[in-house]
Amino acid sequence: MSSLKLFLCLFLAYCVNGQSCIQPSVSPSSYSSTNQKLSKSTAFVVEFSLKCASKTDNLQLYADIDGVQFPVTKSSESEHYQVSWTVKDKKTVAHNFDVRFFDEEGYNNLRKVIRSGQSPESIKPLFNVDFQHPGLSSGFWIKAEFLGLAVAVLVLYVVCRERSQIIS
Amino acid sequence: MAPKSSNFSKEEELLLQDFGRDLTRKSSLIFYMHAIFVSALPLWLFNRIHQMELTEHAILFAIGTLVSTYLVASAYKNNKFQLKHKVAQKRSDGVAAEINSQMAENDSKKVSKKEKDERILWRKNEVAEAESMQLAVVYSNSVFLILLILLSFFFFKSYSPMINYIISMIGASGITALLSTSSKN
C-alpha cells in the first residue's frame with residue numbers, strides 16, 4: 001500500500017512538473033493595428049517562442065491583459081505561442097501593455113483571487129511581455145485622389161492659360 | 001476627276017501639307033508614342049489601387065490601352081491642327097526677324113526676296129510644328145488624366161474594377177477626343 005502511495009506521489013509530481021515551465025526564456029514579438037479608417041476595432045497580437053528548462057509538451061498558457069484573461073494558442077509544430085485580442089477603437093489610446101502569462105496553476109490561482117475580490121497583481125506570473133501600442137492614426141488628412149486631382153487641375157490650368165494666350 | 005495638283009502650284013501644295021490635318025510619319029510616331037504611354041499609365045492605378053491582376057486582365061488591358069491610344073492620338077492631332085495656325089501667326093514676326101538677322105550676318109545680297117520668304121515660311125512652319133505638338137500633347141494629357149481620375153475615383157468608384165476600367169478609359173479618352181474636335185476656339 002505504501003509503495004502504491006509513493007508511486008502516485010511520484011506520478012503526480014511528474015504530471016505537475018510536465019505542465020509547468022521552469023526558467024522560461026521568451027523571445028516575443030508584437031503587432032497592433034494603427035489605422036483608424038480601416039476598421040472599427042484595434043487588433044493586438046503577441047507572439048513568442050518559449051524555451052523552458054523542464055519538459056513542456058502539454059503546457060497550457062493564459063494571458064492576463066488589463067484584468068481580462070485570454071487563452072494562448074500554441075503552434076502544433078514548434079514552441080511558438082500566440083495570443084490575440086481586439087478592443088473597440090474608441091477605447092484604444094497609445095499606451096504600454098503589460099501582458100502577463102500564467103500556466104494552468106497560476107491561472108487557477110488568478111481566478112481564485114479575482115473571485116475573492118483581491119488584486120490580481122498579487123499573483124506572480126510565469127513571465128510577462130511588454131509592448132508599446134503607438135495609438136491610432138487616421139493617415140494623411142487629405143485623400144490621395146483629391147491630391148492627385150488637385151495637381152492635375154493645377155497643371156491643366158497652366159496649360160489652358162498658355163493655350164488661350166496663343167489662341168487669342 | 002481632275003488631279004488635285006491641277007489647281008495649286010507646288011509651293012502651295014507644300015504649304016497646304018504643312019498646315020493641313022495630315023501628319024508626317026515622324027509626327028505620327030511621336031504622337032502615338034506619347035498616346036500609348038499616357039494610356040498605359042492608368043494600368044498602374046488599376047493594378048495597385050483597384051487590385052486588378054495584370055496577367056488575369058491582360059486582354060482587357062491591351063484592348064483598353066489600344067483604344068485609348070487611338071482616341072488620345074486623334075485628340076493630339078486635332079489640337080495640333082487648331083494650334084499650329086495660331087502659333088505660326090504669333091511667331092511670324094519673331095521668325096522673320098530671326099531670319100533677317102541671319103541673312104544680314106551672311107551675304108544677303110545674293111539671296112533673292114523669294115528665297116528669303118521661303119526660308120521664313122519654312123522656319124515658321126518648323127517652329128509652329130514643334131510648339132503646337134508640345135502644347136497639344138500636354139493639353140490632351142492633362143484633360144485625359146483629369147477625366148480619368150474623376151471617372152475612376154469619384155463617379156464610378158463603387159463599381160467593380162473591370163467595369164470601372166472600361167468606363168473610365170473609354171470615357172476619358174473619348175471625351176478628350178470629342179473636346180479636341182471643337183471648332184469654337
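User: Hi! Is the disulfide of Cys21(A) and Cys52(A) left-handed or right-handed?
Analyst: Good place to start! This is a predicted model, in which local features need pLDDT of at least 70, side-chain atom pairs count only at pLDDT 80 or more, and totals for chains, interfaces and linings use all residues. Side-chain values use heavy atoms, without hydrogens and water; residues are numbered from 1 along each chain as its sequence is written, while chains are lettered from A and ligands numbered from 1 in the order in which they are written. The torsion about the S-S bond of Cys21(A) and Cys52(A) is about -105°, so this disulfide (a pair of cysteine sulfur atoms within 2.5 Å) is left-handed.

User: Are Cys21(A) and Cys52(A) buried or exposed?
Analyst: Buried means under 20% relative accessible area, exposed over 50%, and partly exposed in between (1.4 Å probe, protein chains only). By that rule, both Cys21(A) and Cys52(A) are buried.

User: And how does Cys160(A) count?
Analyst: Happy to check! Its relative accessibility is 30%. Cys160(A) therefore counts as partly exposed.

User: How many helices and strands does chain A have?
Analyst: From the N terminus on, the elements run α-β-β-β-β-β-β-β-α-β-α. That comes to 3 helices and 8 strands.

Methods. Helices (H or I, at least four residues) and strands (E, at least two) are DSSP runs, numbered from the N terminus.
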